[in-house]
Amino acid sequence: MKGENGLHLVPCSQIAQCAGGFDCEIRILKGDRAVDASNIFDLMSLNAGQGCQLELQATGPGSDEAVDSLAKLFESDFQGHVKRAD
Amino acid sequence: MQTRSGIAVSPGVAIGEALLFGSEGFQIPQRFVSVDAVESEVGRFRAAIEAVSIGLEENQRVASERLGDEYAAIFGAHRMMLRDKKLIGEIEGLIRTKCFSPEFAASRVLRNYAKVFQNLGNPYLAERAADVFDLEKRLLRALLGEKRPELSHITEHVVILAHNLTPSETAGLDPEFVLGFATEVGGRTSHTAILAGALEIPAVVGIGNFLADVSPGELVIIDGGRGEVIIDPDEATLEKYRVSLESRKQENARLAELHELPAITPDGVRVHVMGNIEFPQEVEHCTERGADGVGLYRTEFLYLGARTEPTEEDHYNAYCRVLESMSDRPVVIRTLDLGADKVPASGASFYEVDNPALGLRSIRLSLRDTPQFKIQLRAILRAAVHGDVRIMFPLVTTLLELRKAKMILGDVMEDLDDARIDFNRDVPIGMMVEVPAAVMLADEFAREVDFFSIGTNDLIQYALAVDRGDPNVSSLYRAGDPSILRLIQMVVDAANRHGINVTVCGQMSSDPRFIPLLVGMGLRTLSVTPISIPEVKDIIRHVSVGQAEEIARHALALDIARDVENYLRGELSRIHPEHSPVD
């Protein structure tokens, strides 16, 4: 996690939105805790602060693409991906 | 009948039907729905989700146009939360399996999430609980339709019982319809409490959980003097309070006739009765009662009310508002008196000390934080062009402090001169006398100020070493203690020797028993709670200076507080039987 506030409200909403667009099951892990990446409340409850190591896991159809898209979100520190939910 | 006690923050009695507000200002009409209604209730819930979603989308669009996508993203995130499948599933699950009403189910589930955020030990995420509460509010509003009464739009006589009222909600209450209020949370110095006093609405706060014991529309009595709420009173209690309310009304009607009359003793001595205010709006409470000015304008609200430090313009506008209403009557502006029991929302760490009453507060704080102090002084000097302004420094203890404060005031005048900004350089400068050390040096201080104002609240606490907020010792806090009387006499004598004005502005001067005494001790200006102005005038109009001096002589010869107070009570009922104070 690069951002100062860690995995805060807006990044969580972006992750959940992005993850919700895929059919595969996507999980985000912090240590041994895993949450459904499409659930904004669970993502926030990960309490992932700046500098925290997170792991992405996806299984099912389109999982490679899903991991790529989410990884990009993290790499860009959630900048420039402020899309409006349709 | 059930009686619940809390903290008395605004005196008076209110009898009326209860209007209930839960934690977030909503009344949840029912917790359960019938089994047959479950599917239609789920449908109602889904419609509410749709409605809130549309509202959020609109907010997002507007925010995006006005502030940019960065800000608008918050509303996008709120929509994501709202449409979260797990969330919706949980709420619908409760409606279906437990027959919860959608309102109750949504409130419960969202509050659980908020609690999770608050307990993560991450301050940022804890604040996000507010986002969840906001979502809850929106959902409830959508579910309850327009049934939710806006507090500021109440048009029937009610007594408000709430978990909490925000300062802005309190400020919006219309005293004509809101007879009184009681809250579960809140303390003596909460803004809501201060505002209740300013609005003159009977109020009790900090009662603890009690809303579950009251049904909407039930008859309740709020006794703001005793700090009690009586739910569903029996006939005898109700009658007792109705009688007291009626006699209070008659008394007020009688006192209202005094509004236009000056406070002149029967032997023709004029006493100036001024008002103590905290909020600019309170100035009307003074003018309508014929106050001779504002004897104490506390400026803490400017700091306590806001999240950020007030700007020079915030100060200036507030002062001008008061000056305009007072026209040519004097307004004594006290500089920042923060610290001790008055701590700003930002809560800097130096407030958290063991003994705040003796710590870095008031003028000590101003002398430490000179930039902030200068902002206030600039605003006062500029506002002083528009009326009779006087500056007063609080808690002055040593001559050096006074000189430093005056020096900073001089610097500010120079700055204003350099910037060619219009101001009044002849503003009288005074000080609060509220520390025994300042009383001992009153002669020295009198040479360097234009007036004294005796702050009895702190003077009593410091002289008697009693914290009046501590119930273990509060009975020792007595304005009638002979030591207090002598301290006041010393200040009055010093002021008279040096020909400067002296006022008493503490609560002692709003207490009817002490009025003849204070006049007898030589005071010709009193500054009191606005609501007490007519009563104080009334007493002054019934006691000659000769009589008052006799009372003072006798009282000063007594040696214990109880005797002084009993004697003064007896004298008052002799002078003016209608003012016999009730205990």
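Predicted model: local features only at pLDDT ≥ 70, side-chain atom pairs only at ≥ 80, totals over all residues.
Chain B is divided into domain 1 (2-24 + 157-251), domain 2 (35-147) and domain 3 (260-579). Over all chains, the structure holds 36 salt bridges.

**Helix packing**

- Helix α13 (residues 370-383) and helix α14 (residues 399-418), both of chain B, have axes that come within 9 Å and cross at roughly 65°.
- The crossing of α13(B) past α14(B) is right-handed.
- On the α13(B) side, the contact is made by B:T370, B:F373, B:K374, B:L377, B:R378, B:L381 and B:R382; α14(B) contributes residues including B:I408, B:L409, B:V412 and B:L416.
- By class, this contact of α13(B) with α14(B) has nine nonpolar, one polar and five charged residues.

**Salt bridges**

- B:R321 forms a salt bridge with B:E284, with the closest N and O atoms 3.1 Å apart.
- Because B:R321 lies in helix α11 (residues 312-326) and B:E284 in helix α9 (residues 283-287) of chain B, the pair ties together parts that are 37 residues apart in sequence.
- B:R321 is partly exposed, at 33% relative accessible area, and B:E284 is partly exposed, at 30%.
- B:D388 and B:R390 meet through their side chains in a salt bridge of 2.9 Å, N to O; B:D388 is partly exposed at 24%, as is B:R390 at 22%.
- The side chains of B:R513 and B:D511 form a salt bridge of 2.8 Å, N to O; B:R513 is buried, with a relative accessible area of 14%, and B:D511 counts as buried at 17%.
- Salt bridges with shared partners join B:E300, B:R334, B:D337, B:R361 and B:D458 into one network.

Notes:
Residues numbered from 1 in each chain as written. Chains lettered and ligands numbered in written order. Heavy atoms only, no water. Axes fitted to C-alpha atoms, helices over the stretch in contact; angles between N-to-C directions. Helix = DSSP H or I, 4+ residues; strand = E, 2+ residues; numbered from the N terminus. Left-handed = near helix turned anticlockwise from the far one by under 90°. Contact = heavy atoms within 4.5 Å. Nonpolar A, V, L, I, M, F, W, Y, C, P; charged D, E, K, R; others polar. Domains from an automatic or database assignment. Salt bridge = Lys/Arg side-chain N within 4 Å of Asp/Glu carboxyl O. Buried < 20%, exposed > 50% of the residue type's maximum accessible area, 1.4 Å probe, protein only.
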